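Biologist: Can you walk me through this one? I want to start with pockets.
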Amino acid sequence: MSQRAAGPFDVKVTPQKPDTQIARAANLGRLTIDKRFHGDLEGISKGEMLATQTDTPGSAGYVAMERVTGRLKGRSGSFVLQHSATMTRGAQKASIAVVPDSGTGELQGISGIMTITVASDGSHSYEYKIGP
């Protein structure tokens with residue numbers, strides 16, 4: 001039986017300098033992710049993102065990995081989220097899933113999919129469909 005968890009979150013994304021010749025040649029943005037979740041998920045996450053924008057306004061893509069640590073509906077532990085997203089002329093398509101077997105503590109065995117919404121005022125919220 002699946003459950004849902006939802007709430008707002010704060011995020012700070014910080015650009016990083018390319019640290020190798022290959023990274024400079026790829027001309028991709030590398031960023032760190034620092035989040036604080038509220039609501040049904042109370043905790044923090046730390047992660048990294050690779051991103052690119054195209055010459056076409058509103059078209060871009062990113063991949064990211066982030067480790068979430070905290071309490072989800074009263075259960076404590078951590079898990080890893082894997083992101084893959086594209087934007088085609090402003091139309092977004094994203095997949096954010098729990099990495100299998102990444103759960104620790106009371107969150108061992110966790111699975112599920114997260115959806116992120118960015119409101120017009122720039123505020124962020126999540127909805128997490130928790131797997132069995």
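Modeller: A pocket here is an open set of grid points with protein on both sides within 12 Å along at least five of seven lines, and lining residues have an atom within 4 Å of a point. Keep in mind that this is a predicted model.

Biologist: Fine. How many residues line the largest pocket, and which lie nearest its centre?
Modeller: The lining has 28 residues, and Met-49, Tyr-62, Ala-85, Gln-92 and Val-118 lie nearest the centre. The volume of the largest pocket is about 760 Å³.

Biologist: Which element gives the most to that lining?
Modeller: S7, with six residues.

Biologist: And what is the lining by class?
Modeller: The largest pocket is lined by 16 nonpolar, 10 polar and two charged residues.

Biologist: Switching to salt bridges. How many are there?
Modeller: The count is five. One of them pairs Asp-19 with Arg-30, with the closest N and O atoms 3.8 Å apart. Asp-19 sits in the loop between S1 and helix H1 (21-26), and Arg-30 in strand S2, 11 residues apart.

Biologist: What else does Arg-30 form a salt bridge with?
Modeller: Glu-48, at 3.5 Å between the closest N and O atoms. Glu-48 is in strand S3, 18 residues from Arg-30 in strand S2. Shared partners join Asp-19, Arg-30 and Glu-48 into one network.

Biologist: Is Asp-19 buried or exposed?
Modeller: Exposed, because its relative accessible area is 57% and the cut-off is over 50%. Arg-30 is partly exposed at 22%, as is Glu-48 at 43%.

Biologist: Last one: which residues form the nonpolar surface patch?
Modeller: Leu-28, Leu-50 and Val-63, with about 230 Å² of accessible area together. Leu-50 lies in strand S3.

Conventions:
Residues numbered from 1 in each chain as written. Predicted model: local features only at pLDDT ≥ 70, side-chain atom pairs only at ≥ 80, totals over all residues. Heavy atoms only, no water. Patch = residues over 30% accessible without salt bridge, like charges linked within 9 Å, V, L, I, M, F, W, Y side chains within 5 Å. Areas by Shrake-Rupley, 256 points an atom, 1.4 Å probe, with all protein chains shown as cover. Salt bridge = Lys/Arg side-chain N within 4 Å of Asp/Glu carboxyl O. Helix = DSSP H or I, 4+ residues; strand = E, 2+ residues; numbered from the N terminus. 1 Å grid on protein atoms, 1.4 Å probe; cavity = no way out; pocket = protein on both sides within 12 Å on 5 of 7 lines; lining within 4 Å. Points joined across faces, edges and corners; volume = space filled by probe spheres on them. Nonpolar A, V, L, I, M, F, W, Y, C, P; charged D, E, K, R; others polar. Buried < 20%, exposed > 50% of the residue type's maximum accessible area, 1.4 Å probe, protein only.
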